[in-house]
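Hello,

Here is the structure I promised to pass on to you. Have a look at it, and then read my notes below.

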Amino acid sequence: MSRIREFQIKSESETVKLAAELAAELSPGDIVAMYGDLGTGKTTFCRAAIRALGVEEAVTSPTFTIVKEYEGRLPVYHFDVYRVHDEDDLFEIGYEERFFGEGVCFVEWADLIEGLLEDVEPNHLYRIRFEYAEEEEGRRIVIEYPGD
Ligand SMILES: Nc1ncnc2c1ncn2[C@@H]1O[C@H](COP(=O)(O)OP(=O)(O)O)[C@@H](O)[C@H]1O
Ligand SMILES: [Mg+2]
């Protein structure tokens with residue numbers, strides 16, 4: 001059973017702090033699969049986590065390129081698979097060497113590639129769900145930590 005924690009976020013800065021805390025525990029081969037509607041904060045969370053991994057260059061949304069790569073204390077791959085039509089598109093961009101390599105991957109819209117995530121070892125897979133909450137900057141973030 002994997003551990004699940006739920007966070008009631010009140011401001012964007014709380015999202016940033018949570019992302020930095022998560023980044024600190026990531027190790028080679030980890031994949032962070034992210035779920036949630038447009039605007040719930042997936043990219044904001046990724047950007048903060050990638051910064052916390054020691055990347056200093058600008059982190060921009062990979063929506064149009066599917067994946068962007070950075071070098072921090074580990075190689076970092078930031079995927080946004082929103083525009084992927086089927087899983088073959090990911091084979092074409094060589095997702096495997098990133099998913100099963102020595103870096104860490106963040107994947108926005110992970111529900112679109114659920115079939116590929118089945119091949120990831122459960123002890124390397126985080127799932128993070130984002131939802132809007134009442135207040136403007138309010139969010140509910142649910143993190144499912146790796147485990148069997
Ligand atoms: N608590 C919060 N966490 C993350 N983003 C927030 C929060 N409150 C407001 N925002 C704003 O919501 C938007 C989230 O956009 P983005 O991170 O691109 O979402 P997604 O990648 O899920 O579409 C940004 O404009 C950000 O400034
Ligand atoms: Mg996004």
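Around ligand 1 there are 16 residues, and the closest are Thr15, Gly41, Lys42, Thr43 and Thr44. A residue is near a molecule if its C-beta atom, placed from the backbone, lies within 6 Å of it. Two elements give two or more residues to this shell: helix H1 (12-24) and helix H2 (42-52). The most come from H2, with 3 residues. Helices (H or I, at least four residues) and strands (E, at least two) are DSSP runs, numbered from the N terminus. By type, the shell holds 3 nonpolar, 8 polar and 5 charged residues. Here Ala, Val, Leu, Ile, Met, Phe, Trp, Tyr, Cys and Pro count as nonpolar, Asp, Glu, Lys and Arg as charged, and the others, Gly among them, as polar.

Please keep in mind that this is a predicted model: local features need pLDDT of at least 70, side-chain atom pairs count only at pLDDT 80 or more, and totals for chains, interfaces and linings use all residues. Residues are numbered from 1 along each chain as its sequence is written, while chains are lettered from A and ligands numbered from 1 in the order in which they are written.

Now to the strands. Strand E3 (residues 67-71) and strand E4 (residues 75-80) pair in the antiparallel sense over 5 bridges; two strands pair if DSSP finds at least two bridges between them. With 3 residues between them, E3 and E4 form a hairpin. Across this pairing, Glu69 has Tyr77 in E4 as its bridge partner.

On to strand E5 (residues 104-108), which pairs with E4 in the parallel sense, again over 5 bridges. Which residue in E5 does Tyr77 stand opposite? That residue is Cys105, and His78 stands opposite Phe106 in E5. E5 is also joined to strand E2 (residues 31-35) by 4 bridges, and these two run parallel. There, Ala33 stands opposite Val107.

How well covered are these strands? In E4, 5 of the 6 residues are buried, and in E5, 5 of 5 are. Buried means that 20 or more other C-beta atoms lie within 10 Å of the residue's own, with C-beta atoms placed from the backbone. Both faces of E5 are covered, with Val104, Phe106 and Glu108 buried on one side and Cys105 and Val107 buried on the other.

Happy exploring!

Conventions. Buried ≥ 20, exposed ≤ 12 C-beta atoms within 10 Å, placed from the backbone.
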